[in-house]
Amino acid sequence: MKPTFEFSNDEKGELFDVLRSIKESPYLDYAGFHNRIKALIADQKIPEFFINVCEKVRSERRSKKSYSHLLRNVPLDEHIPMFDQDDPVHDKYEKKKSFVGEAFLELFAQLTDSPLLAYQTRNNGDFFHDVYAHKKYSQTQTQKTDGELFFHNDRTAHPVRADYLSLLGMRCCESNRIYTGYLDGRTLLDHLTEEQQATLRKRLFVTPYDEYSRDSNRQQVISDSHAILENEHSFRYYDTRTTYAPGAPNEAIDALLALKNAIVKANKERVQILTGDLFSFANQDALHNRELIEVKDPELALKRWLLKTYSFRDQHSLQRFNDYFTREQPGLVKESAARN
Ligand SMILES: [Fe+2]
């Protein structure tokens with residue numbers, strides 16, 4: 001995929017100098033962190049070029065020109081710690097003392113007017129979470145796996161789902177050819193008949209929650225019956241997990257098979273996310289996957305780290321889910337479930 005923008009080293013340094021000043025921890029005080037970034041924008045501390053880049057992303061999303069954007073050579077923290085593989089989330093709290101990566105993601109979200117989303121029972125309610133291998137989830141279909149991921153969108157089973165995902169390469173080994181595949185929903189529609197699309201728009205399908213979600217919240221086992229196709233070209237689908245609901249008619253099974261064929265046939269884009277890359281793309285208006293094409297250094301593959309955010313399309317999209325959020329923090333989904 002062709003990058004939308006590549007920072008020069010001078011531009012990277014300029015933005016780094018602004019973001020390194022942030023001392024508030026997004027893990028201890030997200031509201032304080034969010035407001036600090038907001039103040040940087042209001043005080044005109046953000047370099048003009050980056051405001052323009054974000055405006056380009058925002059306008060290409062709105063005009064439907066593109067729902068995927070790749071920025072290269074963006075500023076990251078000076079020190080990128082290694083986490084253990086038994087409890088990497090808690091190890092991050094111990095070891096990560098600067099927040100340049102998080103500040104960059106928050107700034108990108110604010111300048112593209114796409115507010116962040118988090119879940120109380122997932123990653124402790126953090127707005128910034130990690131694609132990082134966790135031993136317990138080896139070879140699962142979760143964000144903590146060390147393996148491949150089939151085509152899907154994130155939190156498929158959950159009623160509140162992000163419009164956009166952003167993945168920031170914090171540590172990626174270039175010789176390990178690990179690719180993020182992207183499949184625009186419009187391309188998928190080209191391979192489905194009107195009739196198949198109409199069936200996919202019916203609530204005839206279910207998706208079980210993944211292992212990481214189930215461990216975080218025992219009430220999350222399987223979704224309610226849902227449509228696979230929504231809006232113009234939003235897909236709610238996780239390959240090999242989403243299936244027809246019990247008692248669904250044969251047309252649901254036929255449409256599901258047609259979708260599986262469409263996924264095989266459709267043109268995909270692939271991105272090898274490298275250290276310093278930001279790949280931001282539609283979660284629901286597209287599907288994505290992870291392929292391990294060639295892993296030359298398995299040790300470094302285990303230490304691959306992408307910092308990740310979920311975001312809404314705009315303020316209006318966030319407000320549609322107001323009933324789900326905690327009173328104190330818009331965007332934080334409250335989930336008073338039994339926890340392990
Ligand atoms: Fe994903």
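Strand β1 (residues 5-6) and strand β2 pair in the parallel sense over two bridges, where two strands count as paired if DSSP finds at least two bridges between them. This is a predicted model, in which local features need pLDDT of at least 70 and side-chain atom pairs count only at pLDDT 80 or more, while totals for chains, interfaces and linings use all residues. Residues are numbered from 1 along each chain as its sequence is written. Helices (H or I, at least four residues) and strands (E, at least two) are DSSP runs, numbered from the N terminus.

**Around strand β2**

- F5 has L71 of β2 as its bridge partner.
- On the antiparallel side of the story, four bridges join β2 to strand β13 (residues 278-282), and L70 has F279 in β13 as its bridge partner.
- Strand β2 (residues 68-72) is mostly covered, with four of its five residues buried; a residue is buried if 20 or more other C-beta atoms lie within 10 Å of its own, exposed if 12 or fewer, and partly exposed in between, with C-beta atoms placed from the backbone.

- Two bridges link β5 to strand β14 (residues 286-294) in the antiparallel sense, and H288 in β14 is the bridge partner of H152.

**The nonpolar core**

- The largest nonpolar core has 72 residues; such a core is a set of buried Ala, Val, Leu, Ile, Met, Phe, Trp, Tyr and Cys residues joined through C-beta atoms within 7 Å.
- Helix α5 (residues 100-111) gives the most to this core, with seven residues.
- The residues with the most contacts inside the core are A103, F104, A118, L168, F281 and L306.
- Leaving aside its neighbours within four places in sequence, L306 is in contact with V131, L167, L168, G169, M170 and I273; contact means that the C-beta atoms of two residues, placed from the backbone, lie within 7 Å.

**Helices α2 and α5**

- The axes of helix α2 (residues 30-42) and α5 come within 10 Å and cross at roughly 65°.
- This crossing of α2 and α5 is right-handed, meaning that the near helix is turned clockwise from the far one by less than a right angle.
- On the α2 side the contact is made by F33, H34, I37, K38 and I41, and on the α5 side by A103, E106, L107 and Q110.
- These contact residues divide into five nonpolar, two polar and two charged; Ala, Val, Leu, Ile, Met, Phe, Trp, Tyr, Cys and Pro count as nonpolar, Asp, Glu, Lys and Arg as charged, and the others, Gly among them, as polar.

**Loop residues worth a look**

- Q139 lies in the loop between β4 (129-131) and β5, and has a positive phi near 60° although it is a residue other than glycine.
- Q139 counts as exposed because it has 9 C-beta neighbours inside 10 Å.
- T240, in the loop between β10 (234-235) and β11 (243-244), is not a glycine but has a positive phi of about 75°.
- T240 counts as exposed because it has 10 C-beta neighbours inside 10 Å.
- H158 is found in the loop between β5 and β6 (164-171), and counts as buried because it has 20 C-beta neighbours inside 10 Å.
- H158 and S213 are 55 residues apart in sequence and 9.6 Å apart in space, C-alpha to C-alpha.

Note on methods
Axes are lines fitted to C-alpha atoms, for helices over the stretch in contact, and angles run from 0 to 180 degrees between N-to-C directions.
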